[in-house]
Structures are given as structure tokens and as C-alpha cells.
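Please open the model in a viewer and keep the sequence panel at hand.

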Amino acid sequence: MDGVPNVTRADALAALRNPLAFIASRWTPDPRTVERAALSALVMSVLIVVTGGAVRLTGSGLGCPTWPKCTEDSLTTTHAMGLHGAIEFGNRMLTYVLCAAVGWAIVAARAAKPHRRDLTRLGWAQFWVVMSNAILGGIVVLVGLNPYTVAAHFLLSSALIAVATVMWQRTREGGGEPRPLVGKAVQQLVWFLVAASVLVIAVGTVVTGAGPHAGDSSEVERIPVDWETVAKLHAVLAWIVVTLTFALWFVLKAVDAPKGPLDRTRELFVVLLAQGAVGYVQYFTHLPEVLVAAHMLGSTVMWIWVLRVLLSLRERPAAEPVIPLPAPERGRAGIA
């Protein structure tokens with residue numbers, strides 16, 4: 001068994017000044033390790049959305065009535081706060097697990113050889129989104145679950161999922177310049193699909209903000225619109241996404257596109273059909289909590305697959321190694 005190398009005082013100072021560079025100088029992760037680290041951050045970004053939905057659906061949104069403490073006198077939940085306090089505080093603690101997953105992705109990306117600056121930046125982007133959303137989550141509690149702040153909280157979580165998905169995809173590619181696999185017309189169609197998906201998610205937050213699941217048993221402000229009317233608009237937008245996905249699959253077949261875009265589009269179509277089925281069942285059964293939670297999970301999966309379709313339209317080869325030019329020979333001394 002190899003011994004642990006001695007750490008000198010200079011090493012300790014270097015670790016304090018730049019711990020990521022210190023780790024990178026002594027550890028080179030396997031590419032699969034970097035990919036798994038990025039995937040763990042993506043999985044946690046989805047899990048935090050699902051558990052946040054559980055907080056709302058169980059009426060535990062104000063289980064911890066203040067922030068950053070759980071009560072005025074306690075950092076953690078108390079026995080008197082019951083199950084609602086435990087659920088809300090448990091969701092807050094999951095934020096630390098998410099931070100750990102994102103931190104692991106940053107460390108693995110920074111230590112990868114050759115160094116991929118794009119991966120490190122995507123990891124840090126996730127970190128700052130998590131920090132921003134944690135603060136926004138505290139504001140949500142302080143303003144008594146105002147539906148507009150709840151909607152912003154979910155949309156920022158969707159932005160986190162987007163960055164995490166891009167990073168996970170990039171760990172499975174090279175660091176070279178992207179090469180398109182399809183023409184401009186197909187790319188534009190996919191961007192329409194992405195835009196429609198964003199609208200579906202945004203209108204879904206309005207349904208949530210106006211619907212019956214306010215997030216707490218107390219009187220909570222709601223968005224002053226008829227939630228059933230907005231739900232029907234949400235369904236129309238969802239059908240537009242389904243139609244665009246089917247059209248994309250048809251176009252990709254017609255132009256004999258590579259296997260990657262075709263497979264991702266077919267998978268997205270299946271995800272959309274499953275999500276639509278859950279959506280209609282929950283609507284006609286008066287929004288049971290279990291189906292609403294399943295629909296929230298489905299919305300994150302749908303968003304990930306829309307982004308996977310977008311990212312499948314190009315490939316990134318390994319970056320070309322930079323070969324330094326030979327230094328010019330210096331003339332002989334004494335020759336004019």
C-alpha cells in the first residue's frame with residue numbers, strides 16, 4: 001500500500017490559498033467519475049424540486065415560520081411543531097446535500113485532465129443558482145408563501161436543472177468546438193420547441209399559484225385568476241409542445257438525421273405522453289396530492305429531455321492539442 005505523501009508547510013499554505021488547484025495538482029479523476037459527479041448534481045436538483053413540492057402538497061410551507069432559523073428561538077424544528085415542521089426543515093436540510101453534490105461536481109471538473117474550463121464554469125454557475133434560490137426560498141417563507149415568489153422559486157429551480165443538464169452532457173463530450181449535425185431549419189424548429197416548453201412551465205406555475213394547494217393550512221394569498229381556465233391554457237401549450245416534438249421527429253426522419261437526435265426526440269415524445277396522461281387524470285380527479293407530485297416530477301423530466309434534444313443537435317470532439325512552435329534558431333554570435 002502506498003504511503004501518504006508528506007504535506008509541507010508550503011503545501012498547506014497553497015491549499016489554503018487555492019484549495020481547488022491544490023486538489024487538482026494531486027488528483028486526476030477518471031472521466032467517468034467526472035460524469036457521475038455532474039449526474040449527481042442533476043439528480044439532486046430534481047430531488048429538491050420534488051421534495052419542495054411535497055412541502056407544499058402536505059401544507060407544510062410554513063412548518064418553519066421564519067428564516068434562516070426555523071423559529072425565532074431555534075435553528076432547528078421543535079417537537080411542538082409536529083410533522084409539518086419536520087417536513088419543511090427536512091427540505092431545508094436537503095439544500096446542503098444539493099450543495100455537496102454541486103461542490104463534488106466542481107471539484108471533479110477542476111481536477112480533470114486536461115483541464116476543462118467550460119465544465120468548471122458550469123459547476124460554479126450551479127453553485128450561484130443554488131445560493132440565489134436558497135435566499136429566495138427564505139423570502140418565500142418570510143412573505144407567507146406569496147404565490148409570485150413561489151413561482152419564481154420554481155422557475156429558478158428549472159434554471160438550475162438546465163445548467164446541471166448542460167454540464168452532465170458536456171462531461172460526456174470533448175472540449176472542442178461544436179459541429180452541427182442538422183441544418184438551420186431543424187435547429188430553429190428545436191428552439192421553438194424549447195420556447196414552448198418554457199411557456200408550459202411558466203404557465204404551470206400560475207396554475208399552482210391560483211390552484212387549491214396553497215402550501216399551508218392557513219390563509220395564503222393566491223394569484224387572482226381562475227385556475228381552471230389557466231389549466232386549460234397550460235394544456236393547450238402542452239399539446240403545442242407535443243405537436244412540435246412529433247413534427248421534429250418527422251423532419252429528422254425525412255432528412256435522415258443521425259441516431260442521437262432521433263433517439264432523444266422519440267424519448268421526449270414518450271415522456272410528453274406520460275406527462276400528459278398524468279396531467280389529465282389529476283385534473284379530472286380534482287388534483288390529488290400524489291398525482292400533483294408525479295406531475296411535478298414529470299415536468300422536470302420533460303425539461304431535461306427537451307434540453308437533451310437541443311444538445312443532441314451537435315457534437316463536440318476532443319479538443320485539438322496545442323503544440324508549441326519550435327523557437328527560432330538564434331544567429332551565431334559575432335555575425336552581423
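Select Gln-187, which lies in helix H7 (residues 184–210); helices here are DSSP runs of H or I with at least four residues, strands are runs of E with at least two, and both are numbered from the N terminus. Leaving aside neighbours within four places in sequence, Gln-187 is in contact with Pro-180, Val-182 and Leu-313, where contact means heavy atoms within 4.5 Å.

The model is a predicted one, in which local features need pLDDT of at least 70 and side-chain atom pairs count only at pLDDT 80 or more, while totals for chains, interfaces and linings use all residues. Residues are numbered from 1 along each chain as its sequence is written, and side-chain values use heavy atoms, with hydrogens and water left out.

Now display the whole chain as a cartoon. The protein has 10 helices and 2 strands, and from the N terminus on its elements run α-α-α-α-α-α-β-α-α-α-α-β. Of the 336 residues, 44% count as buried; buried means under 20% relative accessible area, exposed means over 50%, and partly exposed lies in between, computed with a 1.4 Å probe on protein chains only. Among contacts with a separation of 6 or more, 78% are accounted for by residues 24 or more positions apart.

Gly-53 is buried, with a relative accessible area of 2%. The C-alpha atoms of Gly-53 and Leu-297 are separated by 9.0 Å, although the two residues are 244 apart along the chain.

The next stops are helix pairs. Two packed helices are described by the angle between their axes and the distance between the axes. Axes are lines fitted to C-alpha atoms, for helices over the stretch in contact, and angles run from 0 to 180 degrees between N-to-C directions.

Select helix H2 (residues 19–26) together with helix H4 (residues 82–111): they pack at an angle of about 55°, with their axes 8 Å apart. H2 and H4 are therefore oblique to each other; angles under 35 degrees count as roughly parallel, over 145 as roughly antiparallel, 65 to 115 as roughly perpendicular and the rest as oblique. H2 passes H4 in a right-handed crossing. A crossing is right-handed if the near helix is turned clockwise from the far one by less than a right angle, and left-handed if anticlockwise. To see the contact itself, show the side chains of Leu-20, Ala-21, Ile-23 and Ala-24 in H2, which meet Ile-106, Val-107, Arg-110 and Ala-111 in H4. The residues of this contact divide into 7 nonpolar, no polar and 1 charged. Here Ala, Val, Leu, Ile, Met, Phe, Trp, Tyr, Cys and Pro count as nonpolar, Asp, Glu, Lys and Arg as charged, and the others, Gly among them, as polar.

Turn next to H5 and helix H6 (residues 147–171), which pack at an angle of about 165° with their axes 9 Å apart. That makes H5 roughly antiparallel to H6. H5 passes H6 in a left-handed crossing, and by class the contact has 15 nonpolar, 9 polar and 2 charged residues.

Select the cysteines Cys-64 and Cys-70. A disulfide (a pair of cysteine sulfur atoms within 2.5 Å) joins them, with S to S 1.9 Å. A search of the whole structure finds 1 disulfide. The torsion about the S-S bond is about -70°, so the disulfide of Cys-64 and Cys-70 is left-handed. Both Cys-64 and Cys-70 are buried, whereas Cys-99 is partly exposed, with a relative accessible area of 21%.

The last stops concern the backbone. Most residues other than glycine have a negative phi, and most peptide bonds are trans.

- Trp-67 and Pro-68 are joined by a cis peptide bond, with omega about 10°; Pro-68 is in the loop between helix H3 (31–57) and H4.
- From Lys-113 to Pro-114 the peptide bond is cis, with omega near -5°; Pro-114 is in the loop between H4 and helix H5 (117–142).
- Asp-256, not a glycine, has a positive phi of about 55°. Asp-256 is in the loop between helix H8 (227–254) and helix H9 (259–284) and counts as exposed at 67% relative accessibility.
- Leu-287 has a positive phi near 55°. Leu-287 lies in the loop between H9 and helix H10 (289–311) and is buried, with a relative accessible area of 12%.
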